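Student: I should like to go through this structure with you, one question at a time. Could we begin once it is in view?

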Amino acid sequence: MTTALTIKSSNDKTGPIPVSTTSRVSCPATCPLAGDGGCYAEAGYYTRMHWDAVTAGTRGLPVADFIAAVGKIRAGSRFRHNVAGDLWHEAGQIRGDLLRKLADAASHLTGWTYTHHLRTAANLAAIRSAIRRGFTVNLSTEVKSEAAKLAKRGLPVVCVVPGDSPAKFEHQGVTFRQCPATFEGSPTQCASCGGGTPLCARADRDFVITFPVHGGRAKTAATACA
């Protein structure tokens, strides 16, 4: 399993910030966005090409070397982990030891990612440990009730919603707010979101971030990860 680090991304959604890509084997077999399910990374031509190369092992670094490289990113940078791919795991169990090392290496950055790995006790423990270290791991969902339930447990959550959903609404007592970059004609990128700290990097936020589906696919940065 290799992970590639791009110091200045050319991705239109993230903007020119450090991003990473992890080989496909990192993705859980249970991911509902796999294949034709709406995976952004598979839909984007250049993103998919890069992901293919990382998966083939012709690009990227072994995990330990990648983590060391993250530690050398310029302090204060925004770092989006896994534009494609998911968290390192073994048989669906997140490698909490590696995630903690990544979180520590990224402690000088504003870092965040997303995961579709199952919400088992062990996986949630690994995610919470990373969050305590300052690295935000968003739980990716497609069902509003599930998103609301997880948000009520104090976890950062994102949710794919139908394209005609309101920009802001409440469900089961939880506020849902649309990603600013997904509005028609919006100039917002991860690089400029949040006026200092991107919304997805705010682990203590009190709302779920939504990504509308358009044309059968969720055209968002979030669905690339896991």
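Tutor: Let us start with a definition: a residue is called buried when its relative accessible area is under 20%, exposed when it is over 50%, and partly exposed in between. Please keep in mind that this is a predicted model.

Student: Which residues of H5 are buried?

Tutor: Helix H5 covers residues 121-132. The cut-off for a buried residue is a relative accessible area under 20%. The residues of H5 that are buried are Asn123, Leu124, Ala126, Ile127, Ser129 and Ala130.

Student: How far apart are the end C-alpha atoms of helix H5?

Tutor: Helix H5 has 12 residues, and at 1.5 Å a residue it should span 16 Å. The model agrees with this expectation, because the end C-alpha atoms of H5 lie at a separation of 16 Å.

Student: Which residue just after H5 takes a positive phi, and of about what value?

Tutor: Most residues other than glycine have a negative phi. The residue just after H5 is a glycine, Gly134, and its phi is positive, at about 100°.

Student: Is Asn82, with its positive phi, buried or exposed?

Tutor: Asn82 has a phi near 70°, a positive value in a residue other than glycine. Its place is in strand E4. Because its relative accessibility is 0%, Asn82 counts as buried.

Student: And is Ala91 buried or exposed?

Tutor: Ala91 also has a positive phi, near 55°, although it is not a glycine. Ala91 lies in the loop between strand E5 (89-90) and E6. With a relative accessible area of 86%, Ala91 is exposed.

Student: Which element supplies the largest share of the largest nonpolar core?

Tutor: This core has 34 residues, of which Val70, Phe79, Leu99, Leu102, Phe135 and Phe176 touch the most other members. At least two residues each come from H3, H4, H5, E8, helix H6 (144-152), strand E9 (157-161) and strand E11 (174-178). The largest share, five residues, is that of H4.

Student: What is the N to O distance in the salt bridge of Asp104 and Arg133?

Tutor: Asp104 counts as partly exposed at 42% relative accessibility, and Arg133 is likewise partly exposed at 35%. The side chains of Asp104 and Arg133 meet in a salt bridge, with an N to O distance of 3.1 Å.

Student: Why does this pair tie together separate parts of the sequence, and how many residues apart are they?

Tutor: Asp104 belongs to helix H4, whereas Arg133 is in the loop between H5 and E8. The pair therefore joins parts whose separation in sequence is 29 residues.

Student: Which residue forms a salt bridge with Glu146?

Tutor: Glu146 is partly exposed, with a relative accessible area of 29%. In this salt bridge the closest N and O atoms are 2.5 Å apart. The partner of Glu146 is Arg119.

Student: What separates the C-alpha atoms of Gly76 and Leu109?

Tutor: Gly76 is in the loop between helix H3 (63-70) and strand E4 (78-84). Beyond residues up to four places away in sequence, Gly76 touches His108 and Leu109. Gly76 and Leu109 are 33 residues apart along the chain, yet the separation of their C-alpha atoms is 4.9 Å.

Student: Lastly, which residues make the nonpolar surface patch?

Tutor: The patch has an area of about 390 Å². One of its residues, Met49, is in helix H2 (residues 45-56) and is partly exposed, with a relative accessible area of 40%. The residues that make the patch are Tyr45, Tyr46 and Met49.

How values were computed
Residues numbered from 1 in each chain as written. Predicted model: local features only at pLDDT ≥ 70, side-chain atom pairs only at ≥ 80, totals over all residues. Heavy atoms only, no water. Patch = residues over 30% accessible without salt bridge, like charges linked within 9 Å, V, L, I, M, F, W, Y side chains within 5 Å. Areas by Shrake-Rupley, 256 points an atom, 1.4 Å probe, with all protein chains shown as cover. Salt bridge = Lys/Arg side-chain N within 4 Å of Asp/Glu carboxyl O. Helix = DSSP H or I, 4+ residues; strand = E, 2+ residues; numbered from the N terminus. Buried < 20%, exposed > 50% of the residue type's maximum accessible area, 1.4 Å probe, protein only. Expected span 1.5 Å × (residues − 1). Contact = heavy atoms within 4.5 Å. Core = buried A, V, L, I, M, F, W, Y, C linked by side-chain atoms within 4.5 Å.
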